[in-house]
Structures are given as C-alpha cells and as structure tokens.
Amino acid sequence: MAHVLAVDPYWNDWLDFLLRWLHVVAGIVWIGTSFYFVALDSHLQPPKSRLDVDEGVGGESWEIHGGGFYRIQKFRVAPAELPEPLHWFKWEAYTTWLSGFALLVTLYYLHADVYLVDSGVADLSTRQAVGISVVLLVVAWLVYDALCRLLRNELILATALVAGVALATFGVSNLFGGRGTYIQIGAMLGTIMAGNVLLVIIPGHWDLIRAKEAGHDPDPAPGLRGKQRSIHNNYLTLPVVVAMISNHFSVAYGHAHAWAILVALMLVGAWVRHFFNLRHQGRDVWAIPVTAGVAVAALAVAIRPGGSAAPAGRRTQAQVAFTRVRQIVTARCVPCHSAHPSSSAFETAPKGIMLDTSREIRSQADLIEQQAVRSHAMPLGNATGMTQEERDLLGAWVDQGAR
C-alpha cells in the first residue's frame, strides 16, 4: 500500500528524533507539575493564622527545597485582589500534545502501512487507517467528557472509564496492528488529558479571574470541575506512559491478546499512582506496590513465549536448508533490516540490525525466532507478507541449530 505522503527517510529520522526529544521534555514537565500539585493539595493543612482564614486561605504547606523554606497557601476560592504576576501551568500540556501529535503524524501517519495497518487484522488502506485514528482521538474526548458530565459518583465514573478504555483497546486491536493499537490508545488518553486542560481546567481559571475583575464573588463550581479533571489527569499519567513505551515491547504488542496485556499494564500504572497519592495523604498502603509487583510478575509468566519444546508442526519439519531461510529473510526482513533498506520508511536499519549476509542472519537467529516466529511482531504490520508457513520454517531452522 502506498504511503499517505512520501518523505525523505533521512529528514524523517531527524523529525522523529527532534519531536521525540521535545515530546519527552514537555511530558516530563507536564507530568511533574501534575504530580507536584496533587501532592501539594494532599499536604495542605488548615492555616494557623486567623488573619489568613479571614483572607480566604483554605490551606497551607511548609516545604523545603533548593536550600530554602517555602510557605505555600491555597485560597478556598480566590484572593481579595488578583495578584500580579499570576503564573499559569498550561503550555507544558499543550506542548506535550502538539509534539505528540506531530510525532504521530511523522512516524505513524506518514508510514501507516508499516506502523498502523496490518492486513492480517483489517484490510485498511493507509488513508482509512489515518482517518480512523484521527476520528478516534476526537471520539475519545467526547465520550470521556460526556461521562464526566453525566456521572456524578466518582466510583461509578471510574468504573465506566476503565470499562470504556478496555472496550476501546479491544476495538482498536481489531482495526490496527499491535504496535499501532498501543500508540493509538496512548494518543487517545493523551488527548483526553490535554482536552481537560484546554477545555475545562484553563476555562475554569478564566471564570475565576473574570469574576474578580468584574467585582463579583467567583462561583467555585468551575474550580471544582477543574480539580476533578486534574485528578483524572494525575491517574492517567502512568497508563499513558506505559502505552507509549510498551509499543517498543514486542513480547506485549506481538501477543495474540495484546489488547488485554495493555489494559492490564495500564491498570497497574493507575494502581501505582494511587499508592503515591495515598502516601502524600500520610497513608502508606504498602499492599498496593506489592500487589502491583505480583501482577506484573504474573503477567510476565503468563505471556512468556513457549519453552524450548517446538510445536508439533515444527518438529515434523524436514531439515531446513539455509538457502531457503535466506530467501525468506531476504524477501520479508531485508527490505528494512539492511545496510541500504529498500523500504521508504527507513534510511538505516531499525535498531542497527542488518540481515544482508549469511553471518548476520545466523547471528540474529534467536531474535528472528522471538520477533518473527513466536510473537509475530515482525515484519511490522506484516508489510512484506510473511506467511505462517515461512514462520514455521524459520522456527524449525532455529530448532535444528540455525546452521
């Protein structure tokens, strides 16, 4: 299938590198502020000064950092007079989303035939895949926002959101390949988080400011809505991070139940975040990290590829000639994993793995088995059309000593 838009692989690599750098830096700043302010709210104590109470201070916290003491105060609604300057926290969120979307376009949309489309999952054109991806980003926000407005009970809302994410992950896994599914779900959750900042939290802040400028007592409702969405963002941070980094974890995204693995990892991330939120409140519930660790260990055991015993189909294979192995690798793997890739998606071999020569192929036998035979993670999106028969032949060759 043709690319949505042809881009020189060399410049695409530069865009990929620079956008990843910007995205990671902005994400660190955004997540850092989210973690800090949620922790700060948990540390607030009633003000000791009657004057502070009369001025509308709802809580205060003493902190030490960088060689000095800080006294942080939070007003119940707003101070009597607007301070100047007033520092905002929004551009870290916007920069994270914009750089993330640009990265999504540069890597996944411009090479949708490699990273999104998997003909073994759904026979989509690259344009269809990109269109579906963009629509799902919008739908994710609309559904989430509607649930927040309709469901007032936080426990019911949380249950509905978990169910919705699981359903979305399963649905996307029936549209895109495993790697595309992981990045798409991460992008959908990231869009929800950025939407919270842009469409709820910051407008709520402006409502407070405009009321003060007009000489009115501000309505606390917008601030409370913003606080709710801020807490949601806090719990979504680790699930989003795990979705973004696990798309490099082929054992997960190449598994037959990749969608369920992603949901499980995201739940663990939210569970760990809950532990830290409780700890900031002075409650050390150590059962949470213990159960999280047990869950990850159990998941690792559950999805571990089969042991050394080869499947029956491979055990019955006659001795596999290396010439046949090299034909398969040359046709299915070398378009990308070569000193001079013929695939327009790559200027250089991914991760520096080259399979041009017999020696290179033999040296990567274990990796070929893991990526192409056991997990089916390679070729990416099965863009070169490796058949099950060819996978079995490669597996049999490895079982026979990779000679």
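**N196 and its surroundings**

I started with N196 and listed its contacts (heavy atoms within 4.5 Å). Leaving aside neighbours within four places in sequence, N196 touches W141, Y144, I201, R229, H232 and N233. This is a predicted model, where local features need pLDDT of at least 70, side-chain atom pairs count only at pLDDT 80 or more, and totals for chains, interfaces and linings use all residues. Residues are numbered from 1 along each chain as its sequence is written, and side-chain values use heavy atoms, with hydrogens and water left out.

Is N196 buried or exposed? I found N196 buried, because its relative accessibility is 0%. My classes are buried under 20% relative accessible area, exposed over 50% and partly exposed in between, with a 1.4 Å probe and protein chains only. N196 lies in helix α7.

**Helix α7**

I took helices (H or I, at least four residues) and strands (E, at least two) as DSSP runs, numbered from the N terminus. I counted 36 residues in α7. From first C-alpha to last, α7 reaches 51 Å, close to the 52 Å expected at 1.5 Å a residue. The expected span is 1.5 Å times one less than the number of residues.

Where is the kink in α7 centred? I place it on V197, at about 35°. The bend is the angle between axes fitted to the seven residues ending at a residue and the seven starting there. I noted that α7 is mostly covered, with 26 of its 36 residues buried. Just after α7, G215 has a positive phi of about 80°.

**Helix α5**

I checked α5 (residues 126-150) next. Its 25 residues should span 36 Å at 1.5 Å a residue, and the end C-alpha atoms are 36 Å apart, so the two agree. Its buried residues include W141 and Y144. I also found T126, A129 and V130 among the buried residues of α5. What covers the buried residues of α5 includes α3 (91-109), α4 (112-115), α6 (154-173), α7 (178-213) and α8 (221-246).

**Pockets**

I searched a 1 Å grid over the protein atoms alone; a pocket is an open set of points where a 1.4 Å probe fits, with protein on both sides within 12 Å along at least five of seven lines, and lining residues have an atom within 4 Å of a point. Volume is the space filled by probe spheres set on the points, which are joined across faces, edges and corners.

The largest pocket has a volume of about 1600 Å³. I counted 43 lining residues, with F37, K74, H87, F89 and H205 nearest its centre. α1 gives the most to this lining, with eight residues. The lining divides into 25 nonpolar, 11 polar and seven charged residues. I counted Ala, Val, Leu, Ile, Met, Phe, Trp, Tyr, Cys and Pro as nonpolar, Asp, Glu, Lys and Arg as charged, and the others, Gly among them, as polar.

The second largest pocket comes to about 960 Å³. Of its 32 lining residues, A158, L161, V162, V165 and L236 are closest to the centre. Which helix gives the most to this lining? I found α6, with 11 residues. I sorted the lining into 27 nonpolar, four polar and one charged.

**Whole chain**

I logged 16 helices and two strands. The C-alpha atoms fill a box of roughly 85 × 45 × 45 Å along the principal axes. Of the 403 residues, 42% count as buried. Among contacts between residues at least 6 apart in sequence, 68% join residues at least 24 apart.
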